[in-house]
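Let's take a friendly walk through a protein model together. Have a look at the sequence and the structure, and then read on.

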Amino acid sequence: MTDRLIIFDTTLRDGEQAPGIALTPDEKVAIAHQLGKLRVDVLEAGFAASSPGDFEAVSRIATEVRGPVIASLARAHPDDIDRAAEALAAAERFRIHVFMSTSQIHMEKMLRMTPEEVLKASVEGVKRARQYTNDVEFSPQDATRTDHDFLIEVCRAAVEAGATTINIPDTVGYATPSDFVELMQRAFREVKGDRDDVIMSVHCHNDLGLAVANSLSSIHAGARQIEGAINGIGERAGNTSIEEVIMAVRTRQDVFGVDVGADTTQLYETSRLVSRLTGYPVQYNKSVVGRNAFAHESGIHQHGVLRDRLTYEIMDAASVGQVAGQIILGKHSGRAGFADALDKLGIVLEEDAFARAFEKFKQLADRKVQIGEDELRAIVEEEAYHVSGDIVLLGLHVTGGNDVTPSATVVLNVAGATKSFTGEGDGMVHAAFAAIKEGFGIDARLVDYRVVPVTSGADAMAEVNVVVRVGGDTFAGRALHTDVVEGSAEAFVEALNKASS
Ligand code: KIV
Ligand code: ZN
């Protein structure tokens with residue numbers, strides 16, 4: 001019988017730790033619902049004790065999302081564990097994921113704890129988590145740079161204390177497939193042994209580009225859970241890409257001998273949603289979910305594929321939900337055509353959201369000749385997650401060019417009154433931001449700014465993402481537009497509205 005590989009998704013926890021990502025609780029819940037549709041087994045919703053926002057997201061996901069086991073990360077500290085349990089209480093099934101650093105450098109420089117203290121805190125952490133649930137995962141952070149004997153000692157103690165999953169993280173992406181397999185084989189032998197109630201898991205980072213390879217190799221050493229994030233997002237170079245693991249295991253069952261419970265046809269949609277809401281673009285040639293993953297350019301390849309798809313394709317695009325776009329709308333398309341297109345894409349909107357999306361569609365269709373599937377999805381997502389605040393952008397006028405200092409005038413509706421503000425900058429976008437800042441009267445620092453075309457072509461729509469820091473907090477804004485300066489201004493207004501709410 002084929003063994004089951006557990007897919008542990010940490011897009012909303014480790015993935016969300018990537019720089020420049022600032023998801024709202026609503027956006028996290030939307031991603032969690034999509035991960036539920038993808039049928040991941042475990043969904044790490046956040047790190048409940050890390051902030052009130054994370055607590056809210058974990059508890060809302062625990063309340064609203066059904067299907068996956070919902071997990072929260074927690075340090076091996078009583079307050080963290082209690083907070084995780086509190087946030088998870090409403091879940092159908094939940095897991096507390098306790099972690100503790102075990103490498104010499106982390107213990108000495110970060111924790112300032114001795115190995116004996118680390119061992120004791122790990123055991124106490126697992127025992128405390130077990131008071132709330134039978135499903136407890138333990139992770140020795142920086143495992144691959146930990147002294148192996150000590151690593152085994154801590155993991156064995158965690159199992160004795162009640163941990164049911166032992167996860168071996170390659171926290172800094174240092175391992176290679178061969179040394180990782182060797183370590184996993186030893187951990188499997190000496191930690192799990194013949195205990196059927198313990199699952200060995202892996203959690204790899206991608207600093208050397210080896211996260212997926214390391215994760216998959218460890219299946220041969222007995223790992224039956226792989227952790228990762230959609231599109232491979234995460235700290236630094238990111239985490240294992242969940243979509244790559246799922247498709248590798250499905251496509252090469254002859255090699256891995258395990259299967260997953262995922263609905264692979266949801267992969268593309270999940271990737272797009274994560275990309276859109278995080279503002280992290282998916283590289284064109286990314287395996288499985290990249291827009292070129294099933295595109296054939298050279299004549300020889302096209303010829304082969306026309307005769308028989310299998311000449312150059314090892315997976316079917318439809319099996320990951322990448323289907324050729326056949327929907328084209330334009331400025332003459334009406335409400336019925338728009339509704340029909342959404343229907344074909346399987347998108348269901350409430351009346352209000354439909355009206356907003358239709359309005360945005362009309363605005364964009366007026367400026368652009370054709371609106372395809374990618375653009376439609378972008379419009380819907382933009383309207384579904386748009387946060388309208390107290391201040392509304394009514395107009396923007398920018399001037400600039402050779403030898404002229406770029407300047408901008410914005411017209412804002414502030415508490416019912418229409419007011420104009422001006423600003424200057426190094427470029428037109430910068431000038432627009434200066435004018436908007438003036439209008440909000442907030443000291444905001446722009447920490448991230450990204451413009452991603454939704455489709456190609458001179459009249460392409462662009463999605464603009466901005467992240468601002470106000471005090472110690474970051475806020476993201478997003479907008480979709482055919483004009484980059486106007487889109488930038490709208491995204492900036494959204495971020496500042498969030499900051500001032
Ligand atoms: O990379 C890591 O070590 C982690 C742990 C908290 C599992 O994310
Ligand atoms: Zn990690």
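A residue counts as near a molecule if one of its heavy atoms lies within 4 Å of it. By that rule, ligand 1 is surrounded by R13, D14, L73, H97, F99, S139, Q141, P169, T171, H203 and H205. This shell divides into 3 nonpolar, 6 polar and 2 charged residues; here Ala, Val, Leu, Ile, Met, Phe, Trp, Tyr, Cys and Pro count as nonpolar, Asp, Glu, Lys and Arg as charged, and the others, Gly among them, as polar.

The model is predicted: local features need pLDDT of at least 70 and side-chain atom pairs 80 or more, while totals for chains, interfaces and linings use all residues. Residues are numbered from 1 along each chain as its sequence is written, chains are lettered from A and ligands numbered from 1 in the order written, and side-chain values use heavy atoms, without hydrogens and water.

Which side chains have polar atoms beside oxygen atoms of ligand 1? A polar contact is a pair of N or O atoms within 3.5 Å. For D14 the distance is 2.9 Å, for T171 it is 2.6 Å, and for H205 it is 3.0 Å. The protein covers 96% of the 260 Å² of accessible area that ligand 1 has on its own (Shrake-Rupley method, 1.4 Å probe).

Now step back to the whole chain. An automatic or database assignment divides the chain into domain 1 (3-278), domain 2 (299-385) and domain 3 (391-500). The C-alpha centres of domain 1 and domain 2 lie 34 Å apart. Each of these two domains gives 13 residues to their contact, meaning heavy atoms within 4.5 Å.

Key: A polar contact is a pair of N or O atoms within 3.5 Å; within protein, one must be able to donate a hydrogen and the other to accept it, and residues adjacent in sequence count only if both atoms are side-chain atoms.
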